Structure formats: structure tokens, C-alpha cells
Amino acid sequence: MNKHLHQLMNSQKDLKILLEGRSSIEGGSILNLKLSNQRANVVKKFLIGLGIESNRISVKALGEEEPIFDNNLIEGRVLNRSVFIIIY
């Protein structure tokens, strides 16, 4: 994945990346927003380390506001603690 993403971004200079950080509902909403932002920024630093220019990467912290999985299940809460990579 890392190699392919780097090749794609290098071959198509008009592409950008949006990193959507998410969290589960555990903890307060302010803390979850902060955690989701930190998660997304860790991925951003990793991508910059691969050689992708920082101005092509944006971060959006969603906290617990837009869960993908069911927060009523332990598995869902674990999966909601994630970063989605959107290439556009």
C-alpha cells in the first residue's frame, strides 16, 4: 500500500489526500475530537515521510460525530478509532 500510494501521488501531481480521523464514543466529545485529530496527523507525518508533499495532505478531525461502525458494540468502537484516507 505504501509503495503504491507513493507511486500514485508522484505520477499524478494533481491528486490530493484527505485524512479523516475518527474515534469511538468512549470519553468526552472534546477529548475524542482531539484524539481523532492526533490520529490523522500521525498518518500525515507518515505520508510526508514517504515523500508526499505536505501541501497535498489535509486533515479533518471528526471525533465521535460520524461513526462508520456501531458504537454499541465493542468491535464497532474499536473500528471507529481509525483514519480514512481519501484520494481526490
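Modeller: Two strands count as paired if DSSP finds at least two bridges between them. The model discussed here is predicted.

Biologist: In which order do the three strands form the open sheet?

Modeller: β1 is joined to β2 by six bridges, and these two strands run parallel. β1 also pairs with β3 over five bridges, in the antiparallel sense. The pairing in the open sheet is therefore mixed, and the order of its three strands is β2-β1-β3.

Biologist: Which strands stand at the edges of the sheet?

Modeller: The sheet has the order β2-β1-β3. An edge strand here has a single partner strand, so one side of it is left without a neighbour in the sheet; this holds for β2 and β3.

Biologist: What is the bridge partner of Glu20 in β3?

Modeller: β1 covers residues 17-22, and β3 covers 83-87. Across these two strands, Ile17 has Ile87 as its bridge partner. For Glu20, the bridge partner in β3 is Phe84.

Biologist: Which residue in β2 does Gly21 stand opposite?

Modeller: β1 and β2 run parallel. On β2, the bridge partner of Leu18 is Ser58. Gly21 stands opposite Ala61.

Biologist: How many of the residues of β1 are buried?

Modeller: In a regular strand, side chains alternate between the two faces of the sheet. In β1, Ile17, Leu19 and Gly21 point one way, while Leu18, Glu20 and Arg22 point the other way, and all are buried. The count of buried residues in β1 is six of six.

Biologist: At about how many degrees to β2 does α2 run?

Modeller: Together with β1 and β2, α2 makes a right-handed β-α-β unit. α2 lies across β1, β2 and β3, and its angle to β2 is about 155 degrees.

Biologist: Is Arg56 buried or exposed?

Modeller: Arg56 lies in the loop between α2 and β2. Among the residues it touches are Gln12, Lys13 and Ile17. Buried means under 20% relative accessible area. The value for Arg56 is 7%, so Arg56 is buried.

Biologist: Which residue has the backbone oxygen that the side chain of Arg56 reaches?

Modeller: Arg56 touches several residues, including Met9, Asp14 and Leu15. Its side chain comes to 3.0 Å from one backbone oxygen, that of Met9.

Technical notes: Residues are numbered from 1 along each chain as its sequence is written. This is a predicted model: local features need pLDDT of at least 70, side-chain atom pairs count only at pLDDT 80 or more; totals for chains, interfaces and linings use all residues. Side-chain values use heavy atoms; hydrogens and water are left out. Helices (H or I, at least four residues) and strands (E, at least two) are DSSP runs, numbered from the N terminus. Buried means under 20% relative accessible area, exposed over 50%, partly exposed in between (1.4 Å probe, protein chains only). A polar contact is a pair of N or O atoms within 3.5 Å; within protein, one must be able to donate a hydrogen and the other to accept it, and residues adjacent in sequence count only if both atoms are side-chain atoms. Contact means heavy atoms within 4.5 Å. A crossover is right-handed if, with the strands pointing away from the viewer, the path from the first strand over the helix to the second runs clockwise. Axes are lines fitted to C-alpha atoms, for helices over the stretch in contact, and angles run from 0 to 180 degrees between N-to-C directions. Lists of a residue's contacts leave out its neighbours within four places in sequence.
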